[in-house]
Amino acid sequence: MSDTRTEARVPGAREADRRGGAAEGGHTHIADGVVAKIAGMAAREIGGVYAMGGGAARAMGAVRDAVTGGGDKGSVARGVSVEVGERQTAVDIDVVVEYGTAIQELAAAVRRNVTNAIEKMTGLEVTEINIRVDDIHLPDDDDGESARGDGGGADSSPRVQ
């Protein structure tokens, strides 16, 4: 009886990827939500970003989290929208900035961090990152918790009538 061993095809596939050729045997699709979560986490890592999302998105997120008890689980991608293609992605981010933060420098830092995170984790090329500053958080804001989307001020009265 002879002992015959065959090598697995995985090393060959890895070598094909290193040479820049297509690996046979499958296709990887990265969902928009995955890229949005990566972008949201990377944007939040930058100092000076107080919260993510426009006023309506933060308010709806706070209500949804209060009803479902979701806490911050659903808010990772809040304020982020993405368009994902085969090899590229574009990202739109809505932020609330801490008062005193240089907005242009913050935007550049967010773009760098988001680009690095997406390209490193997904291999997708980031074609553009549009940043919209929706608000500035002041140190003496009474409704600071509601701006973060933590549910702390979801039932507060409107500031203007």
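Predicted model: local features only at pLDDT ≥ 70, side-chain atom pairs only at ≥ 80, totals over all residues.
Residues are numbered from 1 along each chain as its sequence is written, and side-chain values use heavy atoms, with hydrogens and water left out.

The chain has five helices and four strands, where helices (H or I, at least four residues) and strands (E, at least two) are DSSP runs numbered from the N terminus. Read from the N terminus, the order of elements is α-α-β-α-β-β-α-β-α. Of the 161 residues, 33% count as buried, that is, under 20% relative accessible area, with exposed meaning over 50% and partly exposed in between (1.4 Å probe, protein chains only). Among contacts (heavy atoms within 4.5 Å) between residues at least 6 apart in sequence, 73% join residues at least 24 apart.

The buried residues of α4 are L106, A107, A109, V110, V114, A117, I118 and T122. They lie on the same side of α4 because they cover an arc of only 165° around the axis, the arc being that of the directions from the helix axis to the C-beta atoms. The face turned away from this buried side carries the exposed residues Q104, E105, R112, N116 and K120. A108 also lies in α4 and, at 29% relative accessibility, counts as partly exposed. A108 and I129 are 21 residues apart in sequence and 9.8 Å apart in space, C-alpha to C-alpha. Just after α4, G123 takes a positive phi of about 80°.

The cover over the buried residues of α4 includes α2 (32-44), β1 (49-52), β3 and β4 (125-137). In α2, the buried residues are V35, A36, I38, A39, G40, A42 and A43, and their cover includes β1, β2 (80-84), β3 and α4. The end C-alpha atoms of α2 are 18 Å apart, in agreement with the 18 Å that its 13 residues should span at 1.5 Å a residue. E45 is found in the loop between α2 and β1 and counts as exposed at 58% relative accessibility. Between E45 and V114 there are 69 residues in sequence but 9.5 Å in space, C-alpha to C-alpha.

On the surface, Y99, I103, V133, I136 and L138 form a nonpolar patch with about 410 Å² of accessible area together. Patches are made of residues with over 30% relative accessible area and no salt bridge, like charges being joined within 9 Å and nonpolar side chains (Val, Leu, Ile, Met, Phe, Trp, Tyr) within 5 Å. Y99 is found in the loop between β3 (88-98) and α4 (103-122), and at 58% relative accessibility Y99 counts as exposed.

A salt bridge is a side-chain nitrogen of Lys or Arg within 4 Å of a carboxyl oxygen of Asp or Glu. By this rule the count comes to one. The side chains of D134 and R132 meet in a salt bridge at 2.7 Å, N to O, and D134 counts as partly exposed at 25% relative accessibility.

Definitions and conventions
Areas by Shrake-Rupley, 256 points an atom, 1.4 Å probe, with all protein chains shown as cover. Expected span 1.5 Å × (residues − 1).
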